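Morning, everyone. I have one structure to show you today. Have a look at it first.

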Amino acid sequence: MDPGAGASATLRKRALSIDTAAAAAIEFESKAAAGREDEAVGADAVAEEEPVSPTGRLFREPHFRCHIVSVFGLAAPVDLPALRAGVAATLARHPRFCSVQVRVLNEFETDARPKWVRTAVNLDDHIIVPELDPAAVAADPGRALEDYVSSLSTRPMDHAVPLWEVHVLDFPTAEAAAAVALRVHHSVGDGVSMLSLFMACTRSAADPGALPALPLARRAGPVHAVRRRRRPRQTLSSPAGAVLDALAALAAWAVAFLVLAWHTAVDVARFVATAASLLGDAPTVLKGREGTEFRPKRFVNRTLSLDDIKFVKNAMSCTVNDVLLGITSAALSRYYFRKTGESDSKSITVRSAVLVNLRPTPGIQTLASMMESGKDNGARWGNKIGYMLIPFHLARHDDPVEYVRRATKVARRKKSSMESVFTFWSGYMVLKLFGIKAAAALCYGMFTHTTLSFSNMVGPTEQVLFCGNPIVYIAPGTYGHPHALTIHYQSYMNKVKLVLSVDESQFPDCHQLLDDFAESLRLIREAAPRKPEAAHDGTRS
């Protein structure tokens, strides 16, 4: 089935409009309502303005029209009236979901910059019930769902209304009784913020009156923080002993700081060289071709066992993220050597751009309160993203666990670096000094000289309800950036959903690539030692 065939979005109109701006509702001029948002309007014509973040502005550039598409599998058919009422009471009340981007010029500015401006939300613009080909759905409902979700990457989003859509796909597949696809423009917020927001719209299946429980963070502070190991308290025999202990602690801190500074300097140099086109990955079957950001993307997914991943984690004395990096390296190696037929003795390195969220994520209690009031309660929102370049070593190993060992070394090395903080602030300074075009060129250079994107997000450990309907899986994906392959891992309950966003023209065998990931996990799980290996440090996930 062609991605666009039978997938025309026909709205079932139901009269329901939510005025989220209340008394401060904004009446746009006809030219703004027609979608000509780029024309400046006077400051007195708008209310409750907020500047679009630098990263949000980047996502307006031609090579970075990025969108997030998250599919939520449901345990029961969709009750459309209940869904509309639930969205009206939750998502549609969030400030970002009831605002549009408008270029606003005031007396203190020389150019019109995009700002978030509150507007009224008409649910008919945002809740879409497509009418698909019944024969295609009956023949292969899983493929029909995949085709429709993939077709969203070819459809422009209307910037005259808030930048989000809920697509209702009310037919059963092998994994769910129905599905809902949420498409959001990336300028609204990053993936972690979107997941937290959606979770704030849900309730615990065990206690429908309570918000869901999310895993507790095991690590306080940013990934680059210098860790101080806890030592057992000892009774000091003399003041001299206390001085020696303090000097030892100071020396350990100084060494850790110097290591952090050196690793950061090396990573920053490599990042700058990559963005400046001085250092780049060699062309491979995995690397995107020119213009891949404009081509249709296909979203495919596979469910992996979180218990198997945790078994490997415990056996290897590493983190869940380390195991996922190892599985990815093993799967990409299988795919690469099968496609190229090259010698198994060869080893190459490709790099992934990993997005790091530098802003503390708002708690779901805070977000739930924000949506109840419809007002900004001080929670940080938007995009504050740094980048980190992670190498994947493609090789054949007789011991499948070797992929995890190497990935663990890479991850621990990257944790002792402030690369992501530098990339955020350097991009911010380039934007302030030279403008958005220069910042976009810098970012474009980084993407086009690396091979893929990688992300891993942690979801609820218990089943949650959305508008009274239990969610059985969460599958997030992205499109619009210059990578032909993007790998997402999303944990939920006792499962991990692997989602690949691929350039259809370059990865026609993307389902076989999914098989490579599943087989790699199986082989690593079987080869993992029964007794935990000695840990190199005390980190866990």
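I'll start with the whole chain and then move to the aromatic rings.

A caution first: this is a predicted model.

The overall picture, then. The protein chain has 14 helices and 19 strands. There are 541 residues, and 51% of them are buried. The accessible surface is about 24200 Å². Carbon and sulfur atoms account for 56% of that surface.

Next, the rings. How many aromatic pairs does a search of the whole structure find? The count is 11. Take one of them, tyrosine 387 with phenylalanine 447. The geometry is edge-to-face. The centres are 5.7 Å apart, with 85 degrees between the planes. Where do the two residues sit? Tyrosine 387 is in strand 14, residues 385-394. Phenylalanine 447 is in helix 13, residues 436-448. They are 60 residues apart, so the pair links distant parts of the chain.

Last, charges over rings. The charged end of lysine 497 lies over the ring of tyrosine 473, 4.5 Å from the centre. Arginine 525 has its charged end over the ring of phenylalanine 311. There, the distance to the ring centre is 3.6 Å.

That's my tour. Questions, please.

Conventions
Residues are numbered from 1 along each chain as its sequence is written. This is a predicted model: local features need pLDDT of at least 70, side-chain atom pairs count only at pLDDT 80 or more; totals for chains, interfaces and linings use all residues. Side-chain values use heavy atoms; hydrogens and water are left out. Helices (H or I, at least four residues) and strands (E, at least two) are DSSP runs, numbered from the N terminus. Buried means under 20% relative accessible area, exposed over 50%, partly exposed in between (1.4 Å probe, protein chains only). Accessible areas come from the Shrake-Rupley method with a 1.4 Å probe; for residues, only the protein chains shown count as cover. Rings of Phe, Tyr and Trp (its six-membered ring) pair if their centres lie within 6.5 Å; planes under 30 degrees apart count as stacked, over 60 as edge-to-face and the rest as tilted. A charge sits over a ring if NZ of Lys or CZ of Arg is within 6 Å of the ring centre and within 35 degrees of the ring normal.
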